[in-house]
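Biologist: I have a new structure open here. Can you walk me through it in plain terms?
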Amino acid sequence: MIKFYFSTAPNPMKVALCLEEMGLAYEPIPVDTRKGEQHQSAYLAINPNAKVPAIVDGKMTMFDSNAIVLYLAEKTGKFLPKSADERGPMLSWLMFVASGIGPFTGQYVHFKNYAPEKIAYALNRYEFEALRHWGIVDAHLAKSKYMVGNSYTIVDMALWGWARLVPNILGDQAAKFANVKRLVDEISARPAAQKAVALKDRHSFKTEMDEEAKRAMFPGNYKAQAGA
């Protein structure tokens, strides 16, 4: 059984969705970043970067959410492009989520809601980049049902982790991204997504992590410093 170290932040949620979609047996292990559990030596042996998520699958230990979803897809043969010609676009968009969507959206949330002082340059830079990246995704989805053609793949799962929070993160500006909303609504209606979102309610994570989940979902209402 796969051990899944997680919180309810965007990156762990994409892995939770992937595990549920693929029907894999897993043991969810909450990591309370508010208490600094990600810095404990036992967890650092799994992920030296002190972040969630991570998985242990037998002898295989994996960290970084996008690497994990790719590993699980290759392990099961599920939710990968159907044609060889689509593998390149799949990898390109998956890395776009990894290197663009996550970091720039995350930094925008941090400097907007959690930084101890408001730095105009940082706010302007990360707002611009977050909007630019989501604009690229929205324009792509205007021409394609999913991120890779007409097939639902791990790229859509990886994007969903962040995309489902766009209204809370971007506020009124989220209305610009109707195609992103269309994809989010479709994925969020899937049974696997509903199970992923309810993960904290099915485990002890509910009492330990409620405040982190609220900060992730409604960052404008929580001004405390974000956890690592």
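Biologist: Is F79 buried or exposed?

Modeller: F79 is buried, because its relative accessible area is 19% and the cut-off for buried is under 20%. Keep in mind that this is a predicted model.

Biologist: Where is F79 in the chain?

Modeller: F79 is in the loop between α3 and α4. Its phi is positive, about 60 degrees, although F79 is not a glycine.

Biologist: Which other non-glycine residue has a positive phi?

Modeller: A50 is one, with a phi of about 55 degrees. A50 belongs to the loop between α2 and β3. A50 counts as buried because its relative accessibility is 6%.

Biologist: What joins V52 and P53?

Modeller: A cis peptide bond, with omega at about 10 degrees. P53 is in the loop between α2 (41–44) and β3 (54–57).

Biologist: Back up a bit. How many helices and strands does the protein have?

Modeller: There are ten helices and four strands. Along the sequence the order is β-α-β-α-β-β-α-α-α-α-α-α-α-α.

Biologist: And how much of the protein is buried?

Modeller: Buried residues are 50% of the 228 in the protein.

Biologist: Now α1. How many of its residues are buried?

Modeller: Eleven of the twelve residues in α1 are buried. Among them are P10, M13, L17 and also the charged residues K14, E20 and E21.

Biologist: Why does the length of α1 agree with what a helix should span?

Modeller: At 1.5 Å a residue, the twelve residues of α1 (residues 10–21) should span 16 Å, and the end C-alpha atoms are 17 Å apart, so the two agree. Just after α1 comes G23, which has a positive phi of about 65 degrees.

Biologist: Next, α3 and α4. How do their axes cross?

Modeller: The axes of α3 (residues 65–76) and α4 (residues 87–114) come within 10 Å and cross at roughly 150 degrees. That angle is over 145 degrees, so α3 is roughly antiparallel to α4.

Biologist: Which residues meet there?

Modeller: From α3, N66, V69, L70 and E74 meet R87, M90, L91, L94, V97 and A98 of α4. In this contact seven residues are nonpolar, one is polar and two are charged.

Biologist: Changing topic. How many aromatic pairs are there?

Modeller: A search of the whole structure gives eight. One of them is F4 with F6, which is stacked: the centres are 5.3 Å apart, with 20 degrees between the planes. Both F4 and F6 are buried.

Biologist: Why is the pair of W93 and F96 edge-to-face?

Modeller: The ring planes are at 80 degrees, with the centres 5.4 Å apart, so the pair counts as edge-to-face. W93 and F96 are both in α4, three residues apart, which is about one turn of the helix. W93 is buried at 17% relative accessibility, and F96 is buried with a relative accessible area of 17%.

Biologist: Last one. What is T153 in contact with?

Modeller: Leaving aside neighbours within four places in sequence, T153 is in contact with F79, L80, P81 and V148. T153 lies in the loop between α5 (120–141) and α6 (154–163). T153 is buried, with a relative accessible area of 0%.

Methods
Residues are numbered from 1 along each chain as its sequence is written. This is a predicted model: local features need pLDDT of at least 70, side-chain atom pairs count only at pLDDT 80 or more; totals for chains, interfaces and linings use all residues. Side-chain values use heavy atoms; hydrogens and water are left out. Helices (H or I, at least four residues) and strands (E, at least two) are DSSP runs, numbered from the N terminus. The expected span of a helix is 1.5 Å times one less than its number of residues. Buried means under 20% relative accessible area, exposed over 50%, partly exposed in between (1.4 Å probe, protein chains only). Axes are lines fitted to C-alpha atoms, for helices over the stretch in contact, and angles run from 0 to 180 degrees between N-to-C directions. Angles under 35 degrees count as roughly parallel, over 145 as roughly antiparallel, 65 to 115 as roughly perpendicular and the rest as oblique. Contact means heavy atoms within 4.5 Å. Rings of Phe, Tyr and Trp (its six-membered ring) pair if their centres lie within 6.5 Å; planes under 30 degrees apart count as stacked, over 60 as edge-to-face and the rest as tilted.
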